[in-house]
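Please find my notes on this model below, as numbered points.

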Amino acid sequence: MIKEQTNTTLTFEDFKTEVLNDYKIAVTSRECSLLGRREVLTGKAKFGIFGDGKEVPQIAMAKFFKNGDFRSGYYRDQTFMMAIGELTTANFFAGLYGNTDIKQEPMSAGRQMGGHFVTHSLNEDGSWKNLTKQKNSSSDISPTAAQMPRLLGLAQASKVYREINIPNQENFSINGNEVAWGTIGNASTSEGVFFETINAAGVLQVPMVISIWDDEYGISVHAKHQTTKENISEILSGFQRDKNNNGLEIITVKGWDYSDLITAYERASKIAREKHIPVLVHVTQLTQPQGHSSSGSHERYKSSERLNWEREFDCIRQMRLWMIAINIASAEELNEIENSIKKEVLETKKESWTSFITPIVEEKNELIALLEKIAPSSKNKDQLLRLSNNLKAIKDPLKKEILVTARKSLRLMTNEAVRSELSSWIQNYFKKNQPLFSNNLYSETKNNVFSVKEVLPTYAEGTRKDTDGRMIIRDNFDALFAKHPEVLIFGEDSGNIGDVNQGLEGMQEKYGETRVADTGIREATIIGQGIGLALRGLRPIAEIQYLDYLLYAIQILSDDLASLLYRTAGKQNAPLIIRTRGHRLEGIWHSGSPMGMIINAIRGINVLVPRDMTKAAGFYNSLLECNEPALVIECLNGYRLKEKAPNNFGEFKTPIGVVETIKTGTDITLVSYGSTLRLVEQAAKELLEIGIDCEVIDIQSLIPFDKNHDIAKSVQKTNRLLVIDEDVPGGASAYILQKIIEEQDAYQYLDSKPQTLSAQEHRPAYGTDGDYFSKPSIEDIYEKVYSIISESNPTKYPKLY
């Protein structure tokens, strides 16, 4: 592991020791890459992307990475992680094999392919570690450039901690002196979120260092097809700061020059850490000795001249020549070091494979013994023994192969008494192994959303329903900002004017621009800010102006935030709250209801759909008492509707995952949420006039969904079900119906076919008429319910059409 740089002057012997240590790390990492590729080609590993060719610049960067700093990188950074002491050779191979033991594979417990790195921010109980006493890496993801938005938030957190005195921040920051370090391949700088992040960093002036590893290729595609002028730092030169304007500092350095790399990173670290100025380090003339990944060979697309150059200017080779030239070590000494490392890595690889495969072989043998025990009592003895022998012949089995054998064997014993032992074995095997692949999608700690109990709003005597909804949400935010100093909110128009619907009116003036802030029109990095800030112990609320604009950020939400807890096996969490508004909007681009897409893209994030601003305020209050991310969708047409103003702002809590019965009834259960619920309520009143008594249920929370199965209990009483939703057919309504019919088993209580009433397939047309002909209306709801009831009582309710 590299020691942190200090100002102490090194003797030549100290210098020599450090350089040799750096070289050993580089050679170790390279050997891991070489053996890793072979493991893929032999079938022991599934796929591999390695960090060969980037070793020396990553070692230089690691020298200036301090405790409390954060990395947001990509899957080439294995040498950096080794250099800061957070990745061992054993960890590397455990990741390659997909070992599900988090002690052996601490990066994701086998959930991500090797090359995706993380450090643990949470203790076993979900509480925070002291992040200032360790070197930190946010969890990597594969989508290109998607690490950039999160990097912005990680850096912004230092600015927040420097500008605001937040109680109990000592676990997260020491006076905001931490730097966020980002890495990205040159080809990935073509992605829009890279440019969005660069622009936002320049505006915000946050302490980040972005390293671009430039080997001139993106898989097989040369830089001339990727980047104007084939030079990312040149085209970004307009972002360069000057004496009159803020911006970025841009540094270029050759990736094979060990000495210059250290100088470059020392300068970058000093600028970012001391002046809170973002720095871009363009590391050029790098190589990729094994090509992009284990899927192919770079000899197919690189010229012989390029391949010869890459061999000559391999960063490890150039470092070796430099060491010999200045008498750090002789060629013979370096040969000895290299040979020793090769043996050590090979031995560790073997040990890692043994650690991975041994418990699986034990499970295989356990099943074989069971099959051989029960086979003689079965009429299908020969077939069972054949399955057992086939499994026995597999030297290095997968869990899948064991379970396939067991389940096929069980089929052969359907009506036999001896099947019970095998049946129990299979169930126990699932119980033991399924969580290794499926747990921690949502928080499983005592501080999850279900830990927050309902607290009802209270009202002064004589309170009338005469307060605009926007004032309810505004006054509640006021209470939250006062109660939680770690809470901050930001978004388009959120600051100066108090958001487009005045739900934050006066908050910036009262709490300052750091806590209540405007941003540019850049949804992906608004979400990225929130993720990074939340990873560093703050409680951000990222505002997306309208629900439709969420599409700009859906990739970051889906690939990063939604999977964070899961892909780290519970070791990192970002309890970000996303605030937006939607439902019953008019027009193609502001229809406000792409709910099916959202709930299916962001599993791992709670999705809350309050019907009014009191319910929305209660959700914010609840979320700040727990540790999970959530999307809160306020009703756009609810800000001017009148509500009663509670007198316990900041304290009342809307329960998450709990439905509310708005009206009891006996004839049919109507299920909806958000603004459409008001139409359902009105239709139910009109239907009651002709004797049809509807039970109306507000879902409130799409994820999690009705944890108490109250909808099924309602259907058990009414025997009929209609789901009303303004999403497209088969969108959120299909999700809701599946939950009720399959998960809650409500099908057994139905006397009529369960039905849905949704919007048209097309986007809503503009204007009031466009809304009426595009989305469910009161008349649509009335007639749909009428037709369901008519089916069972046509005499009393003859067909309307």
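1. Ile736 touches Val671, Tyr673, Ile699, Leu702, Phe705 and Val723, leaving aside residues up to four places away in sequence. Contact here means heavy atoms within 4.5 Å. This is a predicted model, in which local features need pLDDT of at least 70 and side-chain atom pairs count only at pLDDT 80 or more, while totals for chains, interfaces and linings use all residues. Residues are numbered from 1 along each chain as its sequence is written, and side-chain values use heavy atoms, with hydrogens and water left out.

2. Ile736 is also one of the residues with the most contacts inside the largest nonpolar core, together with Phe194, Ile527 and Leu702. That core has 88 residues, and its largest share, eight residues, comes from helix H5 (residues 147–163). Apart from it lies another core, of 86 residues, including Phe50, Met61, Met107 and Ile277. A nonpolar core is a set of buried Ala, Val, Leu, Ile, Met, Phe, Trp, Tyr and Cys residues joined through side-chain atoms within 4.5 Å. Buried means under 20% relative accessible area, exposed over 50%, and partly exposed in between (1.4 Å probe, protein chains only).

3. Helices H11 (residues 331–374) and H13 (residues 399–411) pack with their axes 9 Å apart, at an angle of about 15 degrees. The two are therefore roughly parallel (angles under 35 degrees). Axes are lines fitted to C-alpha atoms, for helices over the stretch in contact, and angles run from 0 to 180 degrees between N-to-C directions. On the H11 side the contact is made by Ile360, Glu363, Lys364, Leu367 and Leu371; H13 contributes Lys399, Ile402, Thr405, Ala406 and Ser409. Helices (H or I, at least four residues) and strands (E, at least two) are DSSP runs, numbered from the N terminus.

4. The protein is divided into domain 1 (52–88 + 129–320), domain 2 (359–438), domain 3 (467–643) and domain 4 (661–792), with bounds from an automatic or database domain assignment. The C-alpha centres of domain 2 and domain 4 lie 46 Å apart.

5. The peptide bond from Ile703 to Pro704 is cis, with omega near -5 degrees. Pro704 sits in the loop between strand S20 (701–703) and helix H23 (710–718).

6. Although it is not a glycine, Asn440 has a positive phi of about 65 degrees. Its loop runs between helix H14 (419–438) and strand S9 (465–468).

Methods: Angles under 35 degrees count as roughly parallel, over 145 as roughly antiparallel, 65 to 115 as roughly perpendicular and the rest as oblique.
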